[in-house]
Structures are given as C-alpha cells and as structure tokens.
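I opened a notebook for this structure. The entries below record what I looked up and in what order.

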Amino acid sequence: MTHPLLTPLAIKNQTITNRLIVAPMAGVTDNPFRRLCKSFGAGHAVSEMIIADTALYARKKSLYRANFDSEIAPISAQIAGAEPDKLAKAARFQVANGAQIVDINMGCPAKKVCKKLAGSALLQDENLVKALLESAVDAVDVPVTLKTRLGFANGQENILKIAQIAEAAGVAAIAIHGRTREDFYTGQARYELIKEVKQTLSIPVIVNGDIDSPQKAKAVYEMTGADAVMIGRAAQGNPWIFRDIHHYLSTGELLPKPSIDELQHIVLNHLEELYQFYGEYSGCRIARKHIAWYTGGIPNSNAFREAMYQEDTTKGQFAAVKKFLQSQ
C-alpha cells in the first residue's frame, strides 16, 4: 500500500504528484535547485521570495527568481509585501509570468523583510493579514497559498487565528513552520499547534521545520496529521533527501549515502546548471554555498573550501571541485 505522503495532493485545481515539498528559501530555491529536488522525487517546490514592489521587477535578481523555464508544473511563485494593492499587482504579475500557484510569505524572519512589516512581522496585525490575503485571492484565478509561522513572539502564538483568517479569505493551503519569528531557527520546531490547526481547517495543512530525515518526515506527518511535509534546510547539499524519504516510506529501509562517484555526478551537473543559468560572474559566486554544503563532512574539506572560495572563474571553480571529489 502506498504511503499517504507519496500520493497526489490537490490544491484547488492544481495537483502535485506527492506530498513532499521543497520549502522556499531565499538565495537557495532557484530554478536549478527546484528542478534538482524534483528530479530526486520532491512533488512540489516553491520559488524564492519576491518582494511585491513593482520597482523590483526589473532588477536582475528578481528576474532570476521569477524564471520558471523547464520546470515541472505546477509552478508556484512566492511573493511578500505589506500593502494589499501592491501584493495584488505582484500576484497578477506572477500569474502572467507563468505561475499556477501564488504563495504569500508571512514566515520570513529576516530583519530586512520584517523592517518593511512583511514576512513574519505581519503576524502582529491580524487585520492587515486579512486584507492582504483577501486582496491576493481576489486578484488572481489561480490558487493562493500561505507560508507562515506560529506567531511573531513566543507566548503570542496566534497561528490558530491566522489560519482561520486565511481559510476564510479563500487561501487554498497553508504551510506552517513550527517556530515563531522570535525563534528564528534556534531551538526545536514545535508541532502541537500545527496539529491543532489541522483539526480546525478543511484546506490542506503543510508542516515545516526540522524535518531532516526520512524517519522525521514520517514521525512529524503522523504526529500532526498534516496533509504534506515541507523540507528546507535539510535539502541544502542533500537534495536526494526526497529520494531517501520515498524509499523509506515504500520499504521501511534507509538508503546509504550517495557514493563519491554519484556525489561527483550530482555536484558537477548542478554546477553546470548554475553557470548556465546565472552566467560567469554570478554563477561562480552563487555556486560557492552549494559546494560548501555538498562537501561538508568530507575529509580535508575545510582546506578545500578555503581554496575554492578564492576561485573567481567558473572554469577554475569547476576544476577545483572535480579534482577534490576525484581525490576522495
């Protein structure tokens, strides 16, 4: 019998192939990374956050974030903002750009986002949350989803109210990170309130936070009763985590880590995709963090990374990575 997490999930008129979802992460979940995770069995991936300000649309970085070429549908674009009219415009812009789902960010804890009263800072103003979500839902014909946290501060967790506001506004699904904004990424994710949300809503509830292994994915799914699990940081340098979860849920067995030959194949292919997508200058620089994640824990990797960071051409960087991995 197929495990429920490996079955399709409907988000209004869109269907994702399974319930293992890549969390949106600024500077990480670009087009090449989303496609890579999907190739390892992720059923869905949400784009990096794009600030809902039309002045930003023409910026090169935003154009990269809004690039969905060759991506497996349904395409989901995340936007963030604190003004209902601008959020509605951003939603329409993304649908015109090919998005089949629009995701609203009310979970980002970054100071520069919260200073604009966007991301998780919005959780302090429930009336504004209502106005923003209604504006986005009314603006487009595609499903609108929400990514959020338990609340802004510890002791002020208002996710039950936020979730009810979202459902009433017409939001099609809600993904909840089991921390407050105050927590950032410290301590342990808490799932009890997410379980309560699931019991009160009829729309899909997606659980996020600290899901870093096949066993944890299964346990958190069972504990919360959520409709899907969302994986973020654990996929950094480890995109095969989705394949591992598939295998575990299907067989009860854990797959071994990729061999050094397979790792080399994955990493070098990912680098080529990044270079092609971003070009020489940005490709080399954006690849650095991925290389660091991939090589973490490999013997002598600290010295290798120090040397690799000095490479300022894609050709030199690629050769350095290939040489290091072949030496293992």
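These notes go through strands, cores and a pocket in a predicted model.

**Entry 1: strand β9.** I started with β9, which covers residues 205-208. I asked which way its side chains point. Val205 and Val207 point one way, while Ile206 and Asn208 point the other way. All of these residues are buried. I noted the general rule beside this: in a regular strand, side chains alternate between the two faces of the sheet.

**Entry 2: β8 beside β9.** I then looked up the pairing with β8, residues 173-177. β8 and β9 are parallel and are paired over four bridges. Opposite Val205 of β9 I found Ile174. Helix α8, residues 192-200, belongs with these two strands in a β-α-β unit, and that unit is right-handed.

**Entry 3: β10 beside β9.** Next I took β10, residues 228-231. How many bridges join β9 to β10? I found three, and the two strands run parallel. Asn208 stands opposite Met230 of β10. To get from β9 to β10 the chain passes through helix α9, residues 214-224, in a right-handed β-α-β crossover.

**Entry 4: β3.** β10 also pairs with β3, residues 20-22. This pairing is parallel and has three bridges. I wrote down Val22 as the bridge partner of Ile231 in β10.

**Entry 5: nonpolar cores.** I turned to how nonpolar residues group. In soluble globular proteins, nonpolar side chains tend to be buried together. The largest nonpolar core has 64 residues. Which of them touch the most other members? They are Ile104, Met106, Leu133, Leu146, Ile174 and Phe242. Helix α6, residues 126-139, gives the most to this core, with seven residues. Another core lies apart from it and has 22 residues, including Leu268, Ala287, Ile298 and Met308. I noted that Ile174 had already come up, opposite Val205 in β9.

**Entry 6: a pocket.** Last I looked up the second largest pocket, whose volume is about 360 Å³. Its lining has 15 residues. Nearest its centre lie Gly237, Asn238, Trp240, Lys257 and Pro258. By class, I recorded eight nonpolar, five polar and two charged residues in the lining.

Notes: Residues numbered from 1 in each chain as written. Predicted model: local features only at pLDDT ≥ 70, side-chain atom pairs only at ≥ 80, totals over all residues. Heavy atoms only, no water. 1 Å grid on protein atoms, 1.4 Å probe; cavity = no way out; pocket = protein on both sides within 12 Å on 5 of 7 lines; lining within 4 Å. Points joined across faces, edges and corners; volume = space filled by probe spheres on them. Nonpolar A, V, L, I, M, F, W, Y, C, P; charged D, E, K, R; others polar. Buried < 20%, exposed > 50% of the residue type's maximum accessible area, 1.4 Å probe, protein only. Pairing = 2+ DSSP bridges. Right-handed = clockwise from strand over helix to strand, strands pointing away. Core = buried A, V, L, I, M, F, W, Y, C linked by side-chain atoms within 4.5 Å.
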